Amino acid sequence: MYTQAMDTAPREERKAVRSVAEAQLEAAFEARIDEGGFIEAKDWMPEHYRKTLVRQISQHAHSEFVGMLPEGNWVTRAPTLKRKAILLAKIQDEAGHGLYLYAAAETLGVSRDQLLDALHSGKAKYSSIFNYPTLSWADIGVIGWLVDGAAIMNQVPLTRCSYAPYARAMVRICREESFHQRQGFDSLLVMMKDGSDDQRAMVQDAVNRWWWPSLMMFGPPDGESVHGAQSARWGIKRISNDDLRQKFIDATVEQAQVLGVSMPDPLLKFNDARGHCDFGPIDWDEFWRVVGGHGPCNQERLAARVKAWDDGAWVRDAAMAHAAKQARKQARQEQAA
Amino acid sequence: MSETSVQDQTPLQGRPTSATAAPEWPLWEVFVRAKAGLDHKHCGSLHAADAPMAVQLAREVYTRRQEGTSVWVVRSSDITASDPGDKAMYFDPMEDKVYRHPTFYELPEAVNHM
């Protein structure tokens with residue numbers, strides 16, 4: 001998912017020795033989580049909980065930010081003014097989602113600059129899915145349908161996350177995300193229903209390329225997930241990777257039939273006994289390669305983010321200089337009056 | 001492939017962490033009135049160089065879909081908050097002061113809707 005690198009980060013040992021006061025605070029903290037309560041920014045929390053959340057929320061924010069790049073690739077080449085306006089609105093939403101999430105992470109005591117620095121230096125991760133290229137216009141529709149569809153699957157349970165500022169950001173994001181998936185499906189449906197054979201083939205090709213990476217978004221299988229158990233215990237992660245993946249596949253297979261496309265998986269078949277779709281093996285080597293920095297677009301994405309940040313430096317500085325000048329001017333006027 | 005072998009791979013060519021960057025824009029808290037007749041409600045925060053920019057950005061970030069008719073912004077550093085550690089004392093339910101509640105008073109049936 002957008003925070004899949006959570007599953008791939010090394011496990012950290014927790015401090016074994018704690019003071020009595022700290023043990024009491026932690027007991028109260030755990031009790032509140034157990035009864036389904038929320039933790040607010042200024043409440044006491046274990047250091048490990050804080051660290052886990054900073055990492056998860058910032059990865060999520062980075063994913064929203066980097067996620068603008070594959071779509072930005074098609075803004076100037078959208079087929080109609082309507083599609084261009086829709087795409088721009090969607091990209092603006094992604095920026096907004098990134099901002100909600102950075103703000104939520106900052107409530108835990110890290111600065112925006114620290115977070116961005118971790119992204120720009122290649123230290124922080126973002127979702128593997130954004131390291132794939134958008135080769136045709138159909139990719140934009142498929143990203144809405146599959147990538148945002150997978151994101152919704154994962155994000156809805158996060159609205160009940162124990163850390164309240166994160167949960168509140170997720171409520172806002174989920175409210176907006178549905179438009180993203182629907183516009184994607186709508187644009188594909190137009191091509192499948194009213195398009196030429198070439199356009200239909202283009203949609204199928206996009207589905208073929210995005211299907212497996214979309215399934216990888218949910219992260220490694222539950223057995224290999226490093227932080228799953230602790231995150232579940234703390235109410236940060238509510239549903240397991242494999243359960244979410246299955247739910248996504250079941251829902252998507254039906255949608256593909258409406259669209260008239262097939263998934264590139266000969267083993268994909270509804271299993272009456274299980275009540276779910278069976279599916280073929282996922283190429284986890286590819287997943288680890290992309291997470292490790294060796295996907296098709298890792299270097300390009302990171303370079304684009306760093307360039308945007310560096311090119312914007314003079315704007316940020318000028319705005320601060322202007323604000324300081326206005327403040328001085330106002331102070332002089334108040335003195336004179 | 002194990003997680004250790006992933007870590008062993010060449011790191012991405014990002015740029016080195018810079019310690020000399022200009023200070024970041026200050027943080028503002030954003031309050032939005034959903035419609036006339038309702039209170040302004042806290043909805044999040046953002047960074048902006050000054051107050052007019054904070055209002056402008058609040059509109060872009062928090063009211064893209066008719067979520068509001070009015071926006072307030074205030075520097076986060078200007079907010080004084082109660083200490084969560086004092087919560088039990090500060091927000092004591094005051095169960096010994098039941099006379100603060102209307103249900104404390106038993107009135108005759110004829111006037112009990114009072």
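**A few notes on this predicted model**

1. What does A:Ile33 touch, leaving aside residues up to four places away in sequence? Its contacts are A:Ile39, A:Tyr49, A:Ser162, A:Arg233, A:Trp234 and A:Gly235. Take A:Trp234 from that list: A:Ile33 and A:Trp234 are separated by 201 residues in sequence, yet their C-alpha atoms are 6.5 Å apart in space.

2. Next, have a look at α7(A), a helix of 31 residues. From first C-alpha to last, α7(A) reaches 46 Å, close to the 45 Å expected at 1.5 Å a residue. You will find a bend of about 30 degrees in α7(A) at A:Glu176.

3. Helix α8 of chain A takes in residues 197-216, 20 residues in total. At 1.5 Å a residue, α8 should span 28 Å, and the 30 Å between its end C-alpha atoms agrees with that. Where is α8(A) kinked? The place is A:Trp210, with a kink of about 35 degrees, shortly before the proline A:Pro213.

4. Both A:Trp210 and A:Pro213 are among the buried residues of α8(A). That list also includes A:Val203, A:Gln204, A:Ala206 and A:Val207, as well as A:Leu215 and A:Met216.

5. The axes of α8(A) and α10(A) are 10 Å apart and meet at an angle of about 150 degrees. Angles over 145 degrees count as roughly antiparallel, so that is how these two helices are described. On the α8(A) side the contact is made by A:Trp211, A:Ser214, A:Leu215 and A:Met216, and on the α10(A) side by A:Arg245, A:Phe248, A:Ile249 and A:Thr252. By class, this contact of α8(A) with α10(A) has five nonpolar, two polar and one charged residues.

6. Finally, a detail in chain B. Most residues other than glycine have a negative phi. B:Gln66 is not a glycine, but has a positive phi of about 55 degrees. You can find B:Gln66 in the loop between α2 (51-62) and β3 (70-75) of chain B. Is B:Gln66 buried or exposed? B:Gln66 is exposed, with a relative accessible area of 78%.

Definitions and conventions: Residues are numbered from 1 along each chain as its sequence is written. Chains are lettered from A and ligands numbered from 1 in the order in which they are written. This is a predicted model: local features need pLDDT of at least 70, side-chain atom pairs count only at pLDDT 80 or more; totals for chains, interfaces and linings use all residues. Side-chain values use heavy atoms; hydrogens and water are left out. Helices (H or I, at least four residues) and strands (E, at least two) are DSSP runs, numbered from the N terminus. The expected span of a helix is 1.5 Å times one less than its number of residues. The bend at a residue is the angle between axes fitted to the seven residues ending there and the seven starting there. Buried means under 20% relative accessible area, exposed over 50%, partly exposed in between (1.4 Å probe, protein chains only). Contact means heavy atoms within 4.5 Å. Axes are lines fitted to C-alpha atoms, for helices over the stretch in contact, and angles run from 0 to 180 degrees between N-to-C directions. Angles under 35 degrees count as roughly parallel, over 145 as roughly antiparallel, 65 to 115 as roughly perpendicular and the rest as oblique. Ala, Val, Leu, Ile, Met, Phe, Trp, Tyr, Cys and Pro count as nonpolar, Asp, Glu, Lys and Arg as charged, and the others, Gly among them, as polar.
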